[in-house]
Amino acid sequence: MTVKKSAPAKSGASTRKAPAKRTAAKKAPAPKKEELEVAEEPTEAVKPAESVEDPSPEAISDNDVVSGMPQDLGIHVVIPYVAKLAKGDELLYAVRAWQQNFKELGRIIIVGDAAPWFGKDIIHIPHARTNTNPQIDVADKLATVIASDLVDEIFVWSNDDIYPVAQVHPEDLLVRKAMGPLKEKGSAGGVYRDNSVRTLKALAKLKLPKAFDYAAHVPVVFEKTKLADTLATFKCQKEGHLISSLYFNTHFPDERPIITRNDDKGSIVASVWSSSPNPAILQRVFEERKFINHNDKGWPHVLPYLKKLFPEKSRWEK
C-alpha cells in the first residue's frame, strides 16, 4: 500500500476552513490501583453526515479551498474532535506530537468541533455531533471525510487522545496491528458491548478464517474507496459497529497483523487507564513506546509528560 502525497499548493492562500459536505459516503470493573489498564471503550463520539448543518454564507467549497491552499507534500492525518467530551488540551498536544514526531506529515485535518487555538494552517471540517452511539458518530465523520476533497484517498485516522511520543514513520502506520482475536468488549449492557456483538455477528456471516480486534488504540491507515464500501455494506451510519475491525477483516482477510497489547507488557502503545498509575511504569512506557493513549482517568497523569515533551507551539496554532 502506498500513501499518496498531496500536490504542491498555489501561493498566497489564506483560507483554511471548509464545511462538511451533506453527502454521506457512497452506498455506502472499576480500575484497580495498579500500573496501566487497557481502555476498552473509546471516548470519542461523532455524527451523521446527513445531519450536518448548512454551511455558513462565508464558507467556501472544498474545491475552492483546495485550489488556493498551501498543500504540503506529505501525509494527511485526520482527527475527530468533540469539544464537550474533552477533559483538557488533548487535541492540542496530539497535534504538537504529530508535528514533532512524524516528519512525513503534510496536513492536520480536524473533523468535528473547532478549538479556540486553531491557527490558519489547520484544516477544520465542521461536523456537529448528533448521535450518542460513539461508533455511529465515528461512521458519520468518516463518511464526511470520504466526501471531502480536502483529504487524500489514503489517509491516517487517529484520535485526540493518541500521541506519537517517539519518531514515527509511514511503515509504522501501514503495518496493521491487532489486539488478538475479536471478542465481545465493553461493559455488559453497554453501547460498546452491543456494537462489538453486532460486529462479531456481521463478520461471522462472512465465514472468515479469523477475525482480529483491530481497535488497538493506535493510528490506522484507511483508503477511502474501501472505507466507503465498509460503511455501506454494514450500514455503519445506522447501526453501531467497530469500524476498524470490520474494515481490516473484510478487506484484508488473510492478514497476519502484529499482535500488540497496550498495558505495561506491550511494546508499541500504552493506554493509561487508571486513576493511580504506577509512576515508574508510567515513566518507562513514555520512554519505550511509540504511542501513548489514555482515558479520562489517565489524563491528569499523562498531561505533565506531554507538557514536558511538547512545550513549543506547532505551526497549526495561533
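Helix H2 (residues 90–101) packs against helix H9 (residues 299–309) at an angle of about 40 degrees, and their axes sit 11 Å apart. (Helices, H or I of at least four residues, and strands, E of at least two, are DSSP runs numbered from the N terminus; axes are lines fitted to C-alpha atoms, for helices over the stretch in contact, with angles running from 0 to 180 degrees between N-to-C directions.) That makes H2 oblique to H9, given that angles under 35 degrees count as roughly parallel, over 145 as roughly antiparallel, 65 to 115 as roughly perpendicular and the rest as oblique. The crossing of H2 past H9 is left-handed, meaning that the near helix is turned anticlockwise from the far one by less than a right angle; clockwise would be right-handed. On the H2 side the contact (heavy atoms within 4.5 Å) uses Glu90, Tyr93 and Gln100, and on the H9 side Trp299, Leu303, Leu306, Lys307 and Leu309. By class, that is five nonpolar, one polar and two charged residues, where Ala, Val, Leu, Ile, Met, Phe, Trp, Tyr, Cys and Pro count as nonpolar, Asp, Glu, Lys and Arg as charged, and the others, Gly among them, as polar.

The model is a predicted one, so local features need pLDDT of at least 70 and side-chain atom pairs count only at pLDDT 80 or more, while totals for chains, interfaces and linings use all residues. Residues are numbered from 1 along each chain as its sequence is written, and side-chain values use heavy atoms, with hydrogens and water left out.

Next comes the sheet. Five strands form an open sheet in the order E3-E2-E1-E4-E7, with mixed pairing; two strands pair if DSSP finds at least two bridges between them. The edges belong to E3 (123–126) and E7 (220–223), each with a single partner strand, so one side of each lacks a neighbour in the sheet. Direction ignored, neighbouring strands are turned by 30 degrees against each other on average. E2 (residues 105–112) and E3 run parallel, joined by four bridges, and Ile109 stands opposite Ile123 in E3. Helix H3 (residues 134–147) lies across E1 (75–81), E2, E3, E4 (154–157) and E7, at about 150 degrees to E4. Helix H6 (residues 224–233) also packs on the sheet, touching E4 and E7, and its direction makes about 85 degrees with that of E7.

Helices H5 (residues 191–204) and H7 (residues 243–251) pack at about 15 degrees, axes 10 Å apart, which makes H5 roughly parallel to H7. Their crossing is right-handed. Thr199, Ala202 and Leu203 of H5 meet Ser245, Leu246, Asn249 and Thr250 of H7, giving three nonpolar, four polar and no charged residues.
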